[in-house]
Amino acid sequence: MQKVLVICGPTCVGKTSLSIKLAKLLNGEIINGDSMQVYKHMDIGTAKIKENEKDGVIHHLFDFKELDESYSVAEYQKLVREKIEEVSNKNKLPILVGGTGLYLKAALYDYSFKEKEDHVNYGLEDKSNEEIYALLSSLDNKTAKTIHINNRKRVIRAIEIYYENGIGKEDINKLQTHSPIYDVYYLGLRRDRKELYKLIDERVDQMIKEGLINEVKYVYEHSSYPSTCMQAIGYKEFIDYFEGKATLEYCIQRVKFNTHQYVKRQFTWFNHQINVNWVDVDNLNSDEIVQSSLDLLKDFINGK
RNA sequence: GGAGGAGUAGCGAAGAGGCCAAACGCAGAUGACUGUAAAUCAUUUCCCACCGGGUUCGGCAGUUCAAAUCUGUCCUCCUCCA
């Protein structure tokens, strides 16, 4: 099986800088594992790696989407698998770096997404939660039991899955093995939450200084709200400011709070969905982080 | 010095005698997650506990079977007039 190294963890722990060092030490190339860094023009707010920080390491799947294009796990899965193939063929180690848990898992596990056209509209959007949930229950009760009635997106998607496949989501999942299709090592960076929150707040302030507002304004003007890119934290919060509904200070605070909650969700995901080998970064300097990572990776690397 | 107004859980803010451990929002905590995932959704947050119990609504003292809600007094803050 092909080897794949994953560097994951919550936002703002230092995945990017570690990834460069490991890529150089392990002769690797980096593949983006982050749902928002695929977009052009979204650099500051997504904390995307800067050109001069890449240090000669090749990066894949960054900056290839226009702002008005949508994006999804299925597309990501397909692209990443191609890249893993491509990098491996050069005899280099593919290193996935990112914090979007579902994307990482979907790419590396045998999640299957049906090849499909554009979204078919089944006219579910204007129905009430109760109505669509009742519909799902009648179609595919097994899946309905796993989704909360208020979770419209999931309920609707489950109905779509049923219509498109003639079989329910739960039954489809049963056909999968739920194991990785590569020889994967999950390396995670972790840090005390409170400490992380503090670093996040500082980083947000720094982003503002670097011109985040102008960047967001550009993105805002070249897309529209339902679009994927304007759902990014650090962007959507400023819509109210641009429309004169909230002060700038308030919006900046919202960015910080939303990022805190995002971190929380990321931890929940990583802790419960995949077996991450954690490096606790709290009292380590950057060299020590690299060393701890290499210690953990020893068997994975030598097991070639 | 005079006239008004306000003090409610970490913050904001409802409640104006029993249905109040106290709505709602925010922040915090926990969880779910297979095509929007930086998305979406659920649970939880005075204290101890399994039923249940113990302390709360600026302080103190009253009225009442019953007080966050009524009375007195004190403290703090705000606005206006001097």
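**Group meeting: the model, residue by residue**

I start with Ile-252, which counts as buried because it has 21 C-beta neighbours inside 10 Å. Buried here means 20 or more other C-beta atoms within 10 Å of the residue's own, exposed means 12 or fewer, and partly exposed is in between, with C-beta atoms placed from the backbone. This is a predicted model, in which local features need pLDDT of at least 70 and side-chain atom pairs count only at pLDDT 80 or more, while totals for chains, interfaces and linings use all residues. Residues are numbered from 1 along each chain as its sequence is written, and chains are lettered from A and ligands numbered from 1 in the order in which they are written.

Back to Ile-252, which sits in helix H11. Helices (H or I, at least four residues) and strands (E, at least two) are DSSP runs, numbered from the N terminus. Leaving aside neighbours within four places in sequence, Ile-252 is in contact with Val-204 and Ile-208; contact means C-beta atoms, placed from the backbone, within 7 Å. Ile-208 is 44 residues from Ile-252 along the chain, and their C-alpha atoms are separated by 8.5 Å.

H11 also matters for the next topic, the RNA. Which element gives the most to the surface near RNA strand B? H11 does, with ten residues. A residue is near the strand if its C-beta atom, placed from the backbone, lies within 6 Å of it. There are 47 residues around RNA strand B, and Ser-35, Thr-100, Tyr-111, Phe-113 and His-260 come nearest. Elements giving two or more residues include helices H2 (73–89), H3 (101–108) and H6 (152–165). By type, the surface has 14 nonpolar, 21 polar and twelve charged residues. In that count Ala, Val, Leu, Ile, Met, Phe, Trp, Tyr, Cys and Pro are nonpolar, Asp, Glu, Lys and Arg are charged, and the others, Gly among them, are polar.

Arg-157 is in H6. With 16 other C-beta atoms within 10 Å, Arg-157 is partly exposed.

Now the core. A nonpolar core is a set of buried Ala, Val, Leu, Ile, Met, Phe, Trp, Tyr and Cys residues joined through C-beta atoms within 7 Å. The largest one has 56 residues, of which Leu-5, Val-6, Ile-7 and Ile-95 touch the most other members. A second, separate core has eight residues, including Tyr-133, Val-155, Ala-158 and Ile-159. Not counting residues up to four places away in sequence, Ile-95 touches, among others, Leu-5, Ile-7, Glu-29 and Ile-30.

Glu-29 and Ile-30 are also touched by Val-57, again not counting residues up to four places away in sequence. Val-57 lies in the loop between strand S2 (28–32) and strand S3 (59–60). Glu-29 and Val-57 are 28 residues apart in sequence and 6.2 Å apart in space, C-alpha to C-alpha. Val-57 is partly exposed, because 17 other C-beta atoms lie within 10 Å.

Two backbone points. Most residues other than glycine have a negative phi. Asn-27, in the loop between helix H1 (15–26) and S2, has a positive phi of about 55 degrees. Asn-27 counts as exposed, with 11 C-beta neighbours inside 10 Å. Asp-63 also has a positive phi, near 55 degrees, and is found in the loop between S3 and H2.

Last, helix H12, residues 286–302. Its 17 residues should span 24 Å at 1.5 Å a residue, and the end C-alpha atoms are 23 Å apart, which agrees. The expected span is 1.5 Å times one less than the number of residues. H12 has a kink of about 45 degrees centred on Leu-296, the bend being the angle between axes fitted to the seven residues ending there and the seven starting there.

Conventions
Contact = placed C-beta atoms within 7 Å.
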